[in-house]
Amino acid sequence: MASAYSIRKGMARVLEGIMKYRQTLRPSLLEEFKKVALGPSPEGLLLTCVDSRVVASRLTQAVPGQLFIVRNPGNLVPPYEYYKDNSLVGSECAALELACSRNNVPMIAVFGHSDCKAMNLLYKIRNEISTPSNTPLEQWLKVHAQGTVEQFKKLESSGDYKCKLIFASAQHHEDDFEAYIDPNNEFKHSDKLSQVNTLEQLRHFLSYPFLRERLNRKELQVHALWTDIYRGELRRWYRRMSRIKSSLICAVIIILVVIITNTTARTSLSKRQQSTRIDQRIDCYPEAESRFSGYSKESCLARNCVFDDGAGPGVMQCYLSPNYGYILQDSAEQLNNGLKLRLKRNSAVSSMFQEPIENVILEVQHYTNDIIRVKLYDADNKRFEVPIPLASASNQVSSPQYEFSYSSDSSRDNILSFSIKRRLDNAILFDTSLGGLVLNNQFLQIVTRLQSPHVYGFGENNHDTLKHNVQEKKTWGIFARDQGTNWDTNSNHYGSHPFYLVMEQLMNSNGAPTGRMHGVLLVNSNAMDYSFEKTPSLTIRTIGGILDFFVFLGPTPEQVVQQYTWLVGRTILPPYWSLGFQLSRWAYSNITHMKNIVQRNRDAGIPLDVQYADIDYMDAAKDFTIDPVNFKGLKEYFAQLNSEGVRTIVILDPATIDDQAYYRPTIEGIRDDVFIKYDDGQTVMKGSCWPGDVFFPDFFTKRAQDWWSRLIKDFHSVNVSFDGLWIDMNEPALFDTNEPIPWNWMDTGSNYTLKCSQNQWDDPPYRTKAGFRWDQKLNRPGRLSDRTLCMTAVQGEIDPETNKPKYRHYDVHNLYGWSQTKPTLDVMREITGKRSLVLPRSTFIGSGQWSGHWLGDNEATWHEMKRSLIGMVEFNWFGIPLNGADICGFDKTPSEEMCIRWMQVGAFYPFSRNHNIWKTPDQDPAAWSASAVSIMVTTLHIRYTLLPYYYTLFYKAHTTGSTVIRPLFHEYPTDKTTLDIFLQFLIGPHIMIAPVTD
């Protein structure tokens, strides 16, 4: 061991050399620092490789988010007793302390003298390089570490680094500190001296209190690696290491010491800038865009989040502590076709919101060879789970396409993460290693890396491209609400479909697709939103229930959809007549107007298979009534159309008017206890809609289903015959909830609106994008109950364990249309004795097994025409292929050219219907000029020649789950160009439609 005198003498030279460096070389080295620190590295990380001549400058100027690699710091570390004030040590030791104590820079210190091997090891551990090649990394090694390709390959093939790292000797190249601080070359060394010196300096290094303290707090880790030194020297090294922490009993030649930033809540997080890479920060205040969010530094810190005072434009300022998450408690419990992990929340970091879930079960189920299920739920308390039917798991999963793995990150308090990869090519499909798992009573969040930026799906909301733009960093809401596709941008709509698809990419290929696709479904019915980051990554937030994921391995796009629909329910086989052209409008002024329009279209040669009656056929907008003046004779007219081969469909809304004296549906509904109540279980909740004050039936109860079925049967047999039902307003939609008066109060004579109290359900800690998206427009904080029922309402049969209704509207709101659809189809099939057709506006996972869907209220613009193509494809993915938009636009008045072009598009929608709003001119095909009619007739004739092909595709969708309409990349999955195309589409695999949309 070197004497105290020699150490003092050596350190004197060190300090003298550093002073000389600062005076003479620093300016030029700063330029080098800028180039290396700010430039790209071979791995895509910000890696700065330094030696003793530049380490102090680079590290003391570091900023959070940079990662530094220090080569051979042990050579300059004296025992601590020689320098009582360690902040004055002018070597790597001081730089390390400055980095981890002041600048919060992640640090990796490499002990040892074989730079080639040390750097290769480091890159292997950090980046999982599996196959050496002629890469920039090898070039760097050749030039800067004097490594060779042979050494690199030998190291890469050595296998398990904990036990089997084998190489010839510890080489020490004369390219480091002696060349500068010892110009006379007075310090001589040998390989053996270098080896022993490494161990001695390691012991000195760990004698520093600030390092020892971090080691004791598990904020510093030491990883030891075996080498092939001979046994005598190995025994001598064991004796020298006996005074070091027991975890270092292995003889070492390379030791990595990782200094981990302390992210616990013991001190102010705002003053101790976290070292999370800027591009990997997880948003802790996604509603900050709203002026009613109360966002500030103080509110960020109140959520126990990290606030970056120096964040520039586009940089996330308030973000989640990287140590937030859950820690594995016991070894995995093996299940039949799966496993179960018990997790506990890391209590060192306080929760974002109240009521954190402390103990969590992570349950993995090998569902089929192509589907894996991952559930995260409360281990101590039963929580709401979505009550929808799913296909049962296979009993035998012998050849799964996937592999589930999990690990604990020792650099972040052993936070657990998990991943799912494709066995075929090791592509990582779901990866939670970024952190961000938050599980609270009313806030559940998970973050996954995306295998590629080619992401599709999620609904129902309006976006202007089929492929999501992950660079936009937008948040999108999913929450059923009466908001049309023309409601501004970034708006949630009628249904809830938390299902997305990813086209996987070749690694290091600039986004070239592999041709393999996977899908991910979150079975959760609470209000939620999702965001993308450039990583690329996806954050999903929901405010109730559990996290219940299914991952579909495909690998082809069609197979992903087939696996999805197998799980949630295959689509209906629609009646053949529903594939024909259909005609509708809101506000036929009377039955004569309807008859005239039907006749003029038939006279013009327009093929017509279905005629609709919108709400104007009713008496004062009341269900199960017919206007006795304007639509007298509707029953006879519809019977006539039936006799002529035209089918008929009428509209029904779920709400019934509060007329408990004369209106039979409400009288019987009160008697049979079918209406949704407040949480007292006694008071019926009343809102406002078309007829005025209304009640909403609870279709989760059998008594409401029976009531609904009876009314439809009677209406069909007594009032008017119909072949299908159009069920609207079932988000459920109310007028102006939480506002002073309804917009239609002059029509109904009632100024009543539902006003929901302030409570945890209507005003949860996190409102989701469906709430705060509309703050500015409302000029107040948006509420979940706006335009719908109060979230406090209770629904469902009585739970025998609690003696209360099973559900709260807060949990099942998005299921309202879903719960109405099957009972409606059941009664229609009973009435007609045929397959029939039901068209709901609000849909959910699995709705396609009972219904089609029209895309809702659009408007007569070219922009909306384009958007319709996106919705059409997405609902094919969602398992509802019988869908289409209102041709020529629902709202506003189209030009003739636009209506011609839209008819040319809409003729190929699976569901092809022309429909428009009240107080606008007729826009049926025969309303236009003779030349326009001719074009439309020709286009529709093309559709009708394709009906056998369409019907075959629907049969395949019904039996195998394939799509009817699909994007081009379904058939050309390796062609990168097709990934962005949505203005052209395929009918099945063989026919491409390229419409004019401008």
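Which residue is the bridge partner of I657 in strand 30? In this predicted model, the partner turns out to be V694. That pair is a handy place to start looking around.

Strand 28 is joined by 2 bridges to strand 30, residues 692-695, and the two run antiparallel. As background, strands of a sheet pair through backbone hydrogen bonds, and they can do so parallel or antiparallel.

Now hop over to another set of strands. Strand 16 (residues 438-439) and strand 17 make a hairpin, with 4 residues sitting between them. The two run antiparallel and are joined by 2 bridges. Look for V438 here: its bridge partner in strand 17 is Q445. Q445 also has a bridge partner in strand 23, namely R541. Strand 17 and strand 23 (residues 537-542) are joined by 6 bridges and run antiparallel too. How buried is strand 17 (residues 444-449), then, and how many of its residues count? The tally is 5 of its 6 residues, so strand 17 is largely enclosed by the rest of the structure.

Next, have a look at an open space. The second largest pocket has a volume of about 950 Å³. It is lined by 29 residues, and the closest to its centre are K382, F384, K806, Y807 and D811. Where does this pocket lie? Domain 3 (326-568) and domain 4 (653-851) both contribute residues to the lining, so the pocket lies between them. Strand 32 (794-799), strand 33 (804-808) and helix 21 (809-812) each provide at least two lining residues, and strand 33 gives the largest share, with 5 residues. Sorted by class, the lining has 13 charged, 9 nonpolar and 7 polar residues.

Finally, follow the chain to helix 23, which spans residues 862-877. Its 16 residues reach 24 Å from the first C-alpha to the last, close to the 22 Å expected at 1.5 Å a residue. Of those 16 residues, 14 are buried, so helix 23 is largely enclosed by the rest of the structure. Just after the helix comes G879, which takes a positive phi of about 85 degrees.

How values were computed:
Residues are numbered from 1 along each chain as its sequence is written. This is a predicted model: local features need pLDDT of at least 70, side-chain atom pairs count only at pLDDT 80 or more; totals for chains, interfaces and linings use all residues. Side-chain values use heavy atoms; hydrogens and water are left out. The expected span of a helix is 1.5 Å times one less than its number of residues. Buried means under 20% relative accessible area, exposed over 50%, partly exposed in between (1.4 Å probe, protein chains only). Two strands pair if DSSP finds at least two bridges between them. On a 1 Å grid over the protein atoms alone, a cavity is a set of points where a 1.4 Å probe fits but cannot get out, and a pocket is an open set with protein on both sides within 12 Å along at least five of seven lines; lining residues have an atom within 4 Å of a point. Grid points are joined across faces, edges and corners, and a volume is the space filled by probe spheres set on the points. Ala, Val, Leu, Ile, Met, Phe, Trp, Tyr, Cys and Pro count as nonpolar, Asp, Glu, Lys and Arg as charged, and the others, Gly among them, as polar. Domain bounds come from an automatic or database domain assignment.
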